[in-house]
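Q: I have a model open and would like to go through it with you. Can we start once it is on the screen?

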Amino acid sequence: PPVIEFRQVGLTYPGPPPVEAFRPGDLVVRKGEFITVVGPSGSGKSTFLNIAGLLDTPTTGSFLLDGIDTGRLKDTQRTTLRGRRIGFVFQAFHLLPHRSARENVELAMVYGDVPRRERPERAREALARVRLGHRTDALPTRMSGGERQRVAIARALAARPSLLLCDEPTGNLDSGNAEAVLQLLETLNAEGITVVLITHDLAVAARGRRTITIRDGTMSENEQVAAC
Ligand code: ADP
Ligand code: ADP
């Protein structure tokens, strides 16, 4: 089955007044794809990511993750599924500043179902994957923005998710570090992980093999994105 399948998924915040943040639409993202989602501020990009990440529940339609109809799940089942299948990467790195890179990655696993004794090895493996194997004991306060984001990506990878959801992952980085992070995401994608990357930067959006544009809560594909 596809990793993400939206069947007329929509989300209206009840208000008052009600806000139709994401208008009903279909979308299929298959395993191994790298898609970018672009649109102006307030267009519904975060709402899309929150639905795909099981943080928000659609008010209409069905969202299937890896073939599982998420509308039928209890809250605890949604949380478990999110922890096992999805890694999140945000613009702000959300690292604990006084914990080492390794501890930041290990601590995130407290909420998943990785057995305690496996966590140090998982953390080492994830940090090696983002080419920070030599910096496992470094504190985030002593790292560059690019290194911090790579720690955050390692944290997202520790549970071995099938899907990486990235919300403006290069938004706080200079162009050199942004490029390094994009290349890392491309490498991870080539290794088999499905990547969905949200951005308002058209140059970043162009890195996707598919680009979805969201405007006023409506998704469209393969159109000119220059108007954003
Ligand atoms: P983007 O990420 O593209 O900036 P959002 O998904 O955050 O857009 O927002 C889409 C629309 O939904 C906006 O009009 C925003 O004001 C509205 N919105 C977002 N969250 C809420 C909420 N909790 N309640 C009501 N409206 C919301
Ligand atoms: P933005 O990308 O707009 O700067 P944030 O990165 O701060 O926003 O967070 C976006 C949303 O994701 C927020 O609702 C926040 O509560 C939630 N969030 C932040 N970190 C995590 C996480 N590690 N796991 C799950 N949800 C998170």
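Q: Is Arg129 buried, partly exposed or exposed?
A: Arg129 is partly exposed, with a relative accessible area of 36%. Keep in mind that this is a predicted model.

Q: Which side chain does Arg129 meet in a salt bridge?
A: That of Glu191, with 3.0 Å from N to O. The pair links distant parts of the chain, 62 residues apart: Arg129 is in helix α4, and Glu191 is in the loop between α6 (175–190) and β8 (194–199).

Q: Which residues are joined into one network by salt bridges that share partners?
A: Glu33, Arg210 and Glu221.

Q: How many salt bridges does the count come to?
A: The count is 17. Among them is Arg72 with Asp69, where the closest N and O atoms are 3.3 Å apart. Arg72 is exposed at 70% relative accessible area, while Asp69 is partly exposed at 22%.

Q: What about Arg122, which residue does it form a salt bridge with?
A: Glu118, with the closest N and O atoms 4.0 Å apart. Arg122 counts as buried, at 11% relative accessibility, and Glu118 is partly exposed at 36%.

Q: Changing topic: which residues are around ligand 1?
A: Tyr13, Val19, Ala21, Pro40, Ser41, Gly42, Ser43, Gly44, Lys45, Ser46 and Thr47. By class, that shell has four nonpolar, six polar and one charged residues.

Q: Which element gives the most to that shell around ligand 1?
A: α1, with three residues. Both β2 (19–29) and α1 (45–52) supply at least two residues each.

Q: What lies how far from the oxygen atoms of ligand 1?
A: A polar side-chain atom of Thr47 is 2.6 Å from an oxygen atom of the ligand. For the side chain of Ser46, an N or O atom is at 2.8 Å from a ligand oxygen. Ser43 uses a backbone N or O atom, 3.1 Å from an oxygen of ligand 1. Taken alone, ligand 1 exposes 570 Å², and the protein buries 58% of that.

Q: Which residues are around ligand 2?
A: Phe90, His94 and Asp167. An N or O atom in the His94 side chain is 3.3 Å from an oxygen atom of ligand 2, and a polar side-chain atom of Asp167 also lies 3.3 Å from a ligand 2 oxygen. The protein buries 47% of the 570 Å² that ligand 2 exposes when taken alone.

Q: Last one: which residues make the nonpolar surface patch?
A: Leu96, Leu107, Val110 and Tyr111 make a patch of about 430 Å². Val110 lies in the loop between α3 (101–108) and α4 (119–129) and is partly exposed at 46% relative accessibility.

Terms used:
Residues are numbered from 1 along each chain as its sequence is written. Chains are lettered from A and ligands numbered from 1 in the order in which they are written. This is a predicted model: local features need pLDDT of at least 70, side-chain atom pairs count only at pLDDT 80 or more; totals for chains, interfaces and linings use all residues. Side-chain values use heavy atoms; hydrogens and water are left out. A residue is near a molecule or strand if one of its heavy atoms lies within 4 Å of it. A polar contact is a pair of N or O atoms within 3.5 Å; within protein, one must be able to donate a hydrogen and the other to accept it, and residues adjacent in sequence count only if both atoms are side-chain atoms. Accessible areas come from the Shrake-Rupley method with a 1.4 Å probe; for residues, only the protein chains shown count as cover. Patches are made of residues with over 30% relative accessible area and no salt bridge: like charges are joined within 9 Å, nonpolar side chains (Val, Leu, Ile, Met, Phe, Trp, Tyr) within 5 Å. Helices (H or I, at least four residues) and strands (E, at least two) are DSSP runs, numbered from the N terminus. Buried means under 20% relative accessible area, exposed over 50%, partly exposed in between (1.4 Å probe, protein chains only). Ala, Val, Leu, Ile, Met, Phe, Trp, Tyr, Cys and Pro count as nonpolar, Asp, Glu, Lys and Arg as charged, and the others, Gly among them, as polar.
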